[in-house]
Amino acid sequence: MTFKNLLSTTMNISSLIKTSICIFAISFISAAHAQAIYPIDKAEILAGAKFDIKVEFNQVVNPNEVAITVNGMPANKIIATKSEFISNENGKGSSILYRDVQLTKAGKYQVVARTSQEELKATWEVYASGPRRVKNVILFIGDGMTIANRTAARVLSKGITEGKYQGRLAFDDMPNTAMIGTSGSDSLITDSANSMSAYTTGHKTAVNAMGVYVSRASDNLSHPKVETITELLKRKTKMSVGIVSDAELQDATPGAMVAHTRRRADKQYIADQLLASKAEVILGGGSAYFYPQSSKGSKRKDENNLVETFKTDGYQVAFTKQELIAAAENKNTKKLFGVFHPDNMDGSLDRLFLKKNTVSQYPNQPDLTEMTRSAIDVLSRNPNGFFLMVEAALIDKFNHPLDWERAAFDTIMLSNAVQIAKDFAKTHPDTLIIVTPDHTHSGSISGVVHDDRPGPLREKVGVYASAGFPNYPKADIQGYPNEIDVSKRLAFFYGNYPDHYETLHPKLDGTFVPAIKGEGGKYVANPKYIQLQEDAIHMNGNLPSHQEVGVHTADDAVLNAMGPGSEKFRGFMDNTEVFKVMVQTLGLGSK
């Protein structure tokens, strides 16, 4: 299938998956804190990294009345860049902005901004790194992956006998583990934009934002920026960079590798930034944002043809699994761009077994494993090393609509992709591998559903000793059982949800759509499922009535790691510290 044919094919993506992409992008939340200096108080900043400083006063002031000091010295003695004065920003007061600041000396920095009526303070910690310890870094993001997703994946893929699992997921036996706090600067509950931005910049930000601090600027692209790890690597090293996702490449997680925007829904801008990043490998969905507006199915608002520009810039281009594998196997391929779906790609349960959602329209999508192997093959041709980010995005996009089986199959797929990286590390031990969610969901396994038990549906849930074990068939060589609607199934429940009908069966006809919009715009249980199954249980939602799917949680994320530098991952850590470990291990803060 050609790329143009792929674009022109009628899309038939579940409205639920669509909703889970933009659930946070629709809301536009301003920063809740009163901090008026950016970076915020207690920010940790890599020595030599570029960032913007912004001071926001609550009054309109005369610039001659403003005194800004850094460690007691006039700011212009420490900050080499010139400041910009904004007299009255959006009618809320004066602002001062410094772009592309660099602090090269490690230590504490106290910034004080004074006028006759205000005094603002912030203290930052600037940290350096030792010499480079690692040649390659591979960062796997199991988007929204919670502990129960891992447990379900292990049950399905490895089996459990007399209480003992008959195998482990690829990241289960990594030697170093940490619990990661995921909250953003504005809210206890994060989204993928600001949680991934913490990994890629080392700075906190607000819901929907990436690569910026959320200030009172009205333009999405004018907020104070912080340098991403992609920009650092391109500016300071000769390493290659890879970005892989089975979501739209413009989605929050891959977008946070390259973008600086208040609003994650700026997808055309993010597509442009992917091109501008000069990352050597870019693989995923979201082709609709790379083709000009005049092309059928395009979501661009201009006539820029990014696919042609990638070709002009020397990238091998792939639109199918077969083209991807062939391009990666060509030893002359040093740069690779592949897009395999106009939107999010399909999950492994649908692609490999059920053939539902959009699989019939796009039958040649690669697996996350094939994208991971191709990326490593191409990137490892650079003798200076590489940084690769791989996202299993659909774990999150299936957790949102409470479709745990699809999320479990994609967790198995993530494990398979991680195994490819571990196999690479056997011959390249100077490789740091990290596997982590960006945030969590509320799922939990409570027992086993037994179809042969009498009574109403809820009475079929066995708990404690009556749970026993599920009877999924033995998995295939890839770790997938070929049947999931068996007579003894995991009883997997989510802790937050809209009104819906619980069937306690997998959704074999397509991704679960738990709620639909009813009268007054409120979401009600989707009647489709009571029509399909008379004994389905009506669940009164515990979320606000405008929520049609489940939401993220503040539960800690479990990170696993191996390789040089992985010993720094231990205990409880903030998500910004993941960036800190990576850049210190790569020596990016050394002179």
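Predicted model: local features only at pLDDT ≥ 70, side-chain atom pairs only at ≥ 80, totals over all residues.

When I name a strand, I mean a DSSP run of E with at least two residues, and the strands are numbered from the N terminus. The phi of Tyr 464 is near 50°, a positive value in a residue other than glycine. Is Tyr 464 buried or exposed? Its relative accessible area is 80%, and because exposed means over 50%, Tyr 464 counts as exposed.

A positive phi also turns up at Asn 208, where the value is near 80° and the residue is, again, other than glycine. Asn 208 sits in the loop between α5 (192-201) and α6 (229-236), and, with a relative accessibility of 0%, Asn 208 counts as buried.

Let me move to another loop, the one between β1 (37-38) and β2 (44-46), where you will find Pro 39. The peptide bond that joins Tyr 38 to Pro 39 is cis, with omega about 0°.

Finally, please look at strand β8, residues 107-114, which pairs with β4, residues 67-70, in the antiparallel sense over 4 bridges; here Thr 69 stands opposite Val 112 of β8. Strand β8 also runs antiparallel to β9, residues 119-127, with 8 bridges joining the two, and in this pairing Gly 107 stands opposite Val 126 of β9.

Terms used
Residues numbered from 1 in each chain as written. Heavy atoms only, no water. Buried < 20%, exposed > 50% of the residue type's maximum accessible area, 1.4 Å probe, protein only. Pairing = 2+ DSSP bridges.
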